[in-house]
Amino acid sequence: MTIETSELITDIGELTTQADGEPRRPDRAVLMQGGRIRWIGSAANAPAADTRVSVGGRAVLPGWVDSHTHLLFAGDRSAEFEARMQGQPYAAGGIRQTVEATRAATEAELESNLRRLGAEALAQGTTFLETKTGYGLDVDSEARTARIGARHADVVSFLGAHVVPDGIDVRDYLDLVTGPMLTAVRPWVSFIDVFCENGAFDVEQSREVLLAGRTAGLGLRVHGNQLGHGGGIALAVELGAASVDHCNVVSPADLAALAASGTVATVLPACDLSTRQPLAPARRLLDAGVTVAIATNCNPGTSYTTSMQFCVATAVLQMELTVEEAVWAATRGGAQALQRDTGPDAVGSLVVGGRADLQVLDAPSVAHLAYRPGVPLTIAVWQHGQRMPR
Ligand code: NIG
């Protein structure tokens with residue numbers, strides 16, 4: 001539902017628009033109508049509006065764009081997490097446990113879990129969300145999760161090639177993923193994704209999956225170089241994927257290839273902490289000229305958080321990004337990773353004519369996102385120009 005009356009947000013202490021070249025600016029106001037931004041300027045020159053909301057000198061920025069989540073699941077893996085905290089390495093084996101729980105869950109249970117996590121993310125400022133299948137891994141379960149995902153997420157990616165499920169040979173499984181499973185999920189998904197890693201799918205298998213998706217008209221995404229030099233980054237660049245995600249283990253050749261490409265490197269700081277992996281080298285990626293996005297990777301195994309603020313704070317405190325770089329990566333960067341950074345339905349920035357997706361922080365500047373780590377600062381969210389109830 002769009003709001004036809006005009007609403008002015010005024011007394012903005014610091015506005016971050018993420019429009020190209022636009023710095024953080026003090027004393028701004030934003031006019032919204034019909035779900036879109038109609039005017040941005042100095043608070044002193046603000047036009048009349050049907051309603052005015054003073055944010056009392058607080059910071060306003062675009063809603064977060066969370067470009068990598070796995071919210072279509074059932075079950076709990078806190079025991080696996082605790083074992084990791086006692087020294088067990090992460091080896092992706094727990095994915096099969098979530099597959100079992102997800103297959104056993106009802107459609108209502110899966111939908112309720114997705115809605116719960118989506119609401120949690122929205123309350124923390126996430127106004128645009130990607131999620132993936134990948135815990136069904138048979139035709140009916142993948143189709144079911146894709147269908148549920150399309151009802152509540154903004155973008156759904158097909159991750160049938162997450163791992164090879166028990167009881168099926170890898171060749172037979174690839175035929176299933178690239179054939180009947182792809183056909184079954186196709187109405188609800190816009191990207192195909194693959195876990196290209198030792199222990200999941202090798203480069204040739206991943207290429208086969210991605211090319212089948214491309215033939216079906218899907219965009220490409222890759223889980224790459226999380227646990228080792230699995231070749232995912234090189235493959236993503238070769239095929240012109242929108243994004244390659246994780247990027248913990250990056251060779252000089254990967255760095256050069258990414259920098260010369262249009263593929264976004266999406267880093268997942270909460271996952272790195274929860275798996276005790278070395279943090280993705282986001283500073284090195286940026287310094288080489290790579291476009292970097294930040295996402296939560298919310299899933300029950302490696303990153304059970306919906307907090308983009310936590311990821312932004314970690315990127316600043318531990319990955320050596322500036323606050324501006326981290327906020328850009330979590331808004332425009334995420335939009336670019338989802339190929340939604342331009343055009344009339346662009347997200348991740350506040351521009352006249354664009355979508356009115358924004359958040360207010362209980363703080364005077366975006367620096368507080370990292371300066372006050374662990375404090376939930378988002379106090380108001382507008383999505384499509386509509387204020388979200390809290
Ligand atoms: O992005 N790396 C592969 N997939 C997920 C983990 C899924 C799980 O362990 O359940 C990830 O971290």
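I'm working on a predicted model, where local features need pLDDT of at least 70, side-chain atom pairs count only at pLDDT 80 or more, and totals for chains, interfaces and linings use all residues. Residues are numbered from 1 along each chain as its sequence is written.

Next I looked at the ligand itself, which has 13 residues around it, the closest being Ile95, Phe195, Asn299, Gly301 and Thr302. For this I took a residue as near if its C-beta atom, placed from the backbone, lies within 6 Å of the molecule. I sorted that shell by class and got four nonpolar, nine polar and no charged residues. My classes: Ala, Val, Leu, Ile, Met, Phe, Trp, Tyr, Cys and Pro are nonpolar, Asp, Glu, Lys and Arg are charged, and the others, Gly among them, are polar.

**Arg77.** I found arginine 77 in the loop between strand E6 (64–66) and helix H1 (78–85); helices (H or I, at least four residues) and strands (E, at least two) are DSSP runs numbered from the N terminus. Buried or exposed, I wondered about arginine 77? It is buried, because 20 other C-beta atoms lie within 10 Å. The scale is 20 or more for buried, 12 or fewer for exposed and partly exposed in between, counting other C-beta atoms, placed from the backbone, within 10 Å of the residue's own. Skipping residues up to four places away in sequence, arginine 77 touches Gly94, Gln97, Thr98, Pro300 and Gly301, contact being C-beta atoms, placed from the backbone, within 7 Å.

**His162.** I traced histidine 162 to the loop between strand E8 (155–161) and helix H5 (170–185). Histidine 162 counts as buried because it has 26 C-beta neighbours inside 10 Å. With residues up to four places away in sequence left out, histidine 162 touches Ile95, Gly134, Leu137 and Phe195.

How values were computed
Contact = placed C-beta atoms within 7 Å.
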